[in-house]
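Here is a walk through a protein structure, from its chains down to single side chains. Keep the sequence and the 3D view open side by side.

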Amino acid sequence: MAGGGVMWVEKHRPAKLSEVVGQAEAIGSIRALLERPAEMPHLMFSGSAGVGKTTTALCIARQVLGDHMRDHLLELNASDERGIGMVRDKVKRFSNYAAFADVPFKIIILDEADEMTADAQTALRRTIEDAARVCRFILVANNISKIIDPIQSRCAVFKFTAIPKGDLVAHLGRLAKAEKVAADRKSLEEIYDQAEGDLRHAINILQAAAATGSGKVTADNIRAAAGLARADSVEGVVKAAMGGNLAKAREGMVELVKVYGMSESDFLKYACGAVYRAAPPNMGEVLEAMAKYDYRILAGSSPEIQLTAMLAELGRLGASR
Amino acid sequence: MMWSEKHRPASLSAMMGNEEARGQLAAWLKGWRKGARPVLLVGPPGTGKTTAAFLACEAFGYDMVGLDASDARSRSRISGVLGPVMGNAGVSGRPALIFVDEVDGIHGRADFGGAEALLRLLKEPTVPVIMAANSDASPKMKSIEKASKTLRFRPVPPRLLRAHLRRVLREEGASLSPGTEIRTAEGCGGDMRRMLNAAQSLAAGFDIPADAGQGMLDAQAGTDAFFAAGDAESALAALRAMRMDPREKIGTLFSAVATARLPPEAAARAMDAISEADLLYGRILRTKQWRLLRYMDAALAAKLHRATRGAGVRYERYGLPWQLLNRIRWDGRAVRSLCGALGRRMHASSSEFSTVYLPYLAYMVGACGAEPPDLSSEGGDGGQALAAALAKEAGARGGMPR
Ligand SMILES: Nc1ncnc2c1ncn2[C@@H]1O[C@H](COP(=O)(O)OP(=O)(O)O)[C@@H](O)[C@H]1O
Ligand SMILES: [Mg+2]
């Protein structure tokens, strides 16, 4: 897309498979598959955030579809679509007519597929089969255990891993040079410590830290920049809840969900991460409680009530540590 | 999502009813000069006073700073919160406007001295001040009225309500029988919010008992009776007497418990009871087995009452600080459209964009002076609402844009 604009993550998103950092195993197999594109199966990518899943899917589409990408690629994100009905309608309309002669098939990228309920996935399976005459699917998921087996078994599955330290630091070094930023190896390693293997987060930290220091990256700027991510706000909510301040925790949660539109499942994902990091002695119980409310959010009628009840439960578990 | 929130009008001119008052409000704000008298909007609940105040604020580029009846209006609070704003800009760099909702609630004991502080403030306003009240009958309101220009809001006529109801039903792909439609529009006393809440329950299959006679309790009386009840039976009686649909009933109890500051153990048990009631209600909505409803009251009366007995839980209309409610109502829509639009450009879901991209984008624009993305092709208004939302986020991330 022309103009990733201000954000380096978009501006420097790899356009070709060969530019994707890390993921040697997955990328190697995918390139082998694409030597005979006509035989490409449906694909499924799983792995944590910011490691190149969506990027790789887009690279494949670009390589297979070339100039016809515009009309032959459908991008869907299950987190944004309201239910299986919307997905089905869009897929149906898209797969209604076949591709032009010079591309082997059309491509549908369904991102965050693990956001769909098991029922919706069962319906999705039919949709995939119906469209397969004309289309190939690339399904992307954070958590592959949330994808039902009949879908997994219809796809070639690739696991994406957190970006190793060496690769991540080297890539940040190249970006820094391209953007004329002064950053020594030690600061880049500090960024790795903050972002762990999440390359998107790492690039965002680099850009924000560089902007703060007018082109010079320092340890202080890095820490401040790392704290901007809204995942930190979720961590604040969890801390307040476990410290017994339910009112404050609830207000923080409501702001994230109702003002910023954070999905309940993203909230839970980051909340789980925060619990892992805090590692309370009764962590098993805490995670069990969260799993219970993960279910209740789907089955109940008001996510706000369910998430608040979860925060109250965390308060009880926090007090009994 | 509640229809009454979702179908809120997007501009002053898209509102229903009270055309004259809305026009006067817009003209007043448009021609506002330092020293001009404040306006006081008087009218029954649900006639659009708060909505009109906010939309006027948006239309003329002001940033709303406000208080309402859920704030303790001590003298120090009023001068502490509002004093510094006078003559200063709001958080996003736009000029500030003060909005005091439900001023007629200001004279309670907790608000001792608040009215005087407010009056002093009204005498020499350096920024526009809008107040709203349900009634101006009390003697203290007279002094506020004397210092301001009064605009009256009347119940919205059934004809307009019904037109609005039909539009909402159409957009929701729902329908009611013509008879129900008329009854819903006429039975709400000109209160738009009440009408939409009732319509939403009716469309979901719930039938508010038509024979609700005397002795029925409203939300406040019912909630207070429930938590004050000495035993589970009287608690159950209070619940049964509450004349409202199950969603609202659960929501009202939830609001009361969430603001009660119970000790952790009791809070967890009380919330668990409410969570289970909501779970049951979710199941009923999906399966349309309305007969299961009778178990909801009983379960609440047993579990929730036991968990909160003697804890002094009380009705709380808002349940969240007013500032946050306003952000949800007014910023939420624009922020979410912003995240949807930019998320599509960057191959991320709206939630993902909001969480991992927006904080950085806002920081880069707000604190480091980066050029914001071009939003002119997004949204119905040339992207103005989205650009304003981004500017506000950027402003909050330190440093002012430009
Ligand atoms: N393996 C990678 N190689 C190069 N850039 C990456 C990689 N992973 C993430 N990035 C950077 O992070 C951004 C987001 O990556 P994305 O592919 O959307 O992650 P996700 O795995 O969450 O789908 C990209 O635009 C790119 O700048
Ligand atoms: Mg992705």
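This is a predicted model: local features need pLDDT of at least 70, side-chain atom pairs count only at pLDDT 80 or more; totals for chains, interfaces and linings use all residues.

Start with chain B. Its secondary structure comes to 17 helices and five strands. The chain has 402 residues, and buried residues make up 53% of them. Among contacts in chain B with a separation of 6 or more, 75% join residues 24 or more positions apart.

Now bring in chain A. The contact between the chains takes 63 residues from chain A and 54 residues from chain B. About 4900 Å² is buried between the two chains. Carbon and sulfur atoms give 58% of that area. Three residues of chain B stand out here: His347(B), Thr355(B) and Tyr360(B). Together they supply 15% of the area that chain B buries against chain A, more than any other three residues.

Next, look at the sheet in chain A. As background, strands of a sheet pair through backbone hydrogen bonds, either parallel or antiparallel. In chain A, five strands form an open sheet with parallel pairing. Read across, the order is S2-S3-S4-S1-S5. The edges are strand S2 (73-77) and strand S5 (155-159) of chain A, and each pairs on one side only. From one strand to the next, the twist averages 15 degrees.

Strand S1 (residues 42-46) of chain A pairs with S5(A) in the parallel sense, over five bridges. Within this part of the sheet, Leu43(A) stands opposite Ala156(A) in S5(A). A helix covers the two strands: H2 (residues 24-33) of chain A lies across S1 and S5 of chain A. The helix runs at about 150 degrees to S5(A).

Go back to chain B and find strand S4 (residues 129-133). How many of its five residues are buried? Five of the five are, so the strand is largely enclosed by the rest of the structure. Check this face by face. On one side sit Val129(B), Met131(B) and Ala133(B). On the other sit Ile130(B) and Ala132(B). Both faces of S4(B) are covered.

S4(B) also has strand partners. Strand S1 (residues 39-42) of chain B pairs with S4(B) in the parallel sense, over four bridges. Strand S3 (residues 96-100) of chain B pairs with S4(B) in the parallel sense too, over three bridges. Val39(B) stands opposite Ile130(B), and Phe99(B) has Ile130(B) as its bridge partner.

Thr50(B) is found in helix H3 (residues 49-59) of chain B. Leaving out residues up to four places away in sequence, Thr50(B) touches Phe99(B), Asp101(B), Arg329(B) and Trp330(B). Is Thr50(B) buried or exposed? Its relative accessibility is 19%, so Thr50(B) counts as buried. The cut-off for buried is under 20%.

Turn to the aromatic rings. A pair of aromatic rings is described by the distance of the centres and the angle of the planes. The structure holds five aromatic pairs over all chains. One of them joins Phe226(B) and Phe227(B), edge-to-face, at 4.9 Å centre to centre and 90 degrees between the planes. Phe226(B) has 0% relative accessibility and so counts as buried. Phe227(B) is buried as well, with a relative accessible area of 6%. Another pair is Tyr281(B) with Trp290(B). Their centres are 6.5 Å apart and their planes stand at 65 degrees, so this pair is edge-to-face. Tyr281(B) is buried at 1%, and Trp290(B) counts as buried at 18%.

Chain A has ring features of its own. Phe45(A), Phe158(A) and Phe160(A) form one aromatic cluster. Elsewhere, the charged end of Lys106(A) sits over two rings. The centre of the Phe94(A) ring is 4.5 Å from that charged end. For the ring of Tyr97(A), the distance is 3.5 Å.

Finish in helix H8 (residues 178-186) of chain B, where Ile182(B) has its place. Ile182(B) is partly exposed, with a relative accessible area of 34%.

Notes. Residues are numbered from 1 along each chain as its sequence is written. Chains are lettered from A and ligands numbered from 1 in the order in which they are written. Side-chain values use heavy atoms; hydrogens and water are left out. Rings of Phe, Tyr and Trp (its six-membered ring) pair if their centres lie within 6.5 Å; planes under 30 degrees apart count as stacked, over 60 as edge-to-face and the rest as tilted. Buried means under 20% relative accessible area, exposed over 50%, partly exposed in between (1.4 Å probe, protein chains only). A charge sits over a ring if NZ of Lys or CZ of Arg is within 6 Å of the ring centre and within 35 degrees of the ring normal. Two strands pair if DSSP finds at least two bridges between them. Axes are lines fitted to C-alpha atoms, for helices over the stretch in contact, and angles run from 0 to 180 degrees between N-to-C directions. Contact means heavy atoms within 4.5 Å. Buried area is the accessible area (1.4 Å probe) that two parts lose on being put together, summed over both.
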